[in-house]
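Please examine the structure shown below alongside this briefing. The points that follow are grouped by topic.

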Amino acid sequence: MQCQGYVALLGSDDQSWGWNLVDNNLLHNGEVNGSFPQCNNAPKYQIGERIRVILDMEDKTLAFERGYEFLGVAFRGLPKTCLYPAVSAVYGNTEVTLVYLGKPLDG
C-alpha cells in the first residue's frame, strides 16, 4: 500500500489492525479503537527501540512489547484466517526489520 501524505494505512480497512505510535491510537476498519498502551503517561519511542508484535492465533489476539516490557493486548477476537504482520513508516530514511521468532514452520 502507498499513499501521499500522512495516512495511517494499517487499520484503514476491515482486514487490518494497526497501532499508530505517534498518537498511540489503535485502528481498525478506518476507526480509532482507543489508545494504546493504556497507561497515564504513554511512552515516547526512540530511534533504535525494538517493538515486538505478538500475534497469537490460538488466542486470536495481537499484543506488543517495547524492549522486554509487555505493553498488553491491543486487539482481541481476530478472525481465524491467515494474517501477516506489517509495518508502515512515513518518515524519510526509516529502516524497519521484521524477524520471525516463532516455532519453525513446516514446508
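In which loop is the place of Tyr-45? Tyr-45 sits in the loop between strand E3 (31-35) and strand E4 (51-56); strands (E, at least two residues) and helices (H or I, at least four) are DSSP runs, numbered from the N terminus. This is a predicted model, in which local features need pLDDT of at least 70 and side-chain atom pairs count only at pLDDT 80 or more, while totals for chains, interfaces and linings use all residues. Residues are numbered from 1 along each chain as its sequence is written, and side-chain values use heavy atoms, with hydrogens and water left out.

**Tyr-45 and its surroundings**

- Tyr-45 and Trp-19 are 26 residues apart in sequence, and their C-alpha atoms are 13 Å apart in space.
- Contact means heavy atoms within 4.5 Å. When residues up to four places away in sequence are not counted, Tyr-45 touches Trp-19, Leu-21, Asn-24, Pro-37, Ile-51, Arg-66 and Leu-71.
- Pro-37, one of these contacts of Tyr-45, is also found in the loop between E3 and E4.
- The peptide bond that leads from Phe-36 to Pro-37 is cis, with omega near -5°.

**The nonpolar core**

- In soluble globular proteins, nonpolar side chains tend to be buried together.
- A nonpolar core is a set of buried Ala, Val, Leu, Ile, Met, Phe, Trp, Tyr and Cys residues joined through side-chain atoms within 4.5 Å. Buried means under 20% relative accessible area, exposed means over 50%, and partly exposed lies in between (1.4 Å probe, protein chains only).
- The largest nonpolar core has ten residues, namely Trp-17, Trp-19, Leu-26, Phe-36, Leu-62, Phe-64, Leu-71, Ala-74, Phe-75 and Leu-78.
- Strand E1 (17-20), strand E5 (61-66) and strand E6 (69-76) are the elements that give two or more residues to this core. E6 gives the most, with three residues.
- Trp-17 belongs to this core. Apart from its neighbours within four places in sequence, Trp-17 is in contact with Leu-10, Gly-11, Leu-27, His-28, Leu-62, Phe-75, Leu-78, Pro-79 and Leu-83.

**Strand pairs and turns**

- Two strands pair if DSSP finds at least two bridges between them.
- Strand E2 (residues 25-28) pairs with E3 in the antiparallel sense over three bridges. Within this pair, Asn-25 stands opposite Ser-35 in E3.
- The hairpin of E2 and E3 has two residues between the strands, and Asn-29 takes a positive phi near 60° there, although Asn-29 is not a glycine.
- Asn-29 counts as partly exposed because its relative accessibility is 43%.
- E5 and E6 run antiparallel and are joined by six bridges. In this pair, Arg-66 stands opposite Glu-69 in E6.
- The hairpin of E5 and E6 also has two residues between its strands, and Gly-67 in the turn has a positive phi of about 65°.
- Lys-60, in the loop between E4 and E5, has a phi near 55°, a positive value in a residue other than glycine. Its relative accessible area is 32%, so Lys-60 is partly exposed.

**Salt bridges**

- Side chains of opposite charge can pair when their charged atoms come close.
- A salt bridge is a side-chain nitrogen of Lys or Arg within 4 Å of a carboxyl oxygen of Asp or Glu. A search of the whole structure finds two salt bridges.
- Glu-49 forms a salt bridge with Arg-66, and the closest N and O atoms are 2.6 Å apart. This pair links distant parts of the chain, with Glu-49 in the loop between E3 and E4 and Arg-66 in strand E5, 17 residues apart.
- Glu-49 counts as partly exposed because its relative accessibility is 29%.
- Arg-52 and Glu-65 meet through their side chains in a salt bridge (3.2 Å, N to O). Here too distant parts of the chain are linked, as Arg-52 is in strand E4 and Glu-65 in strand E5, 13 residues apart.
- Arg-52, at 32% relative accessibility, counts as partly exposed, whereas Glu-65, at 14%, counts as buried.
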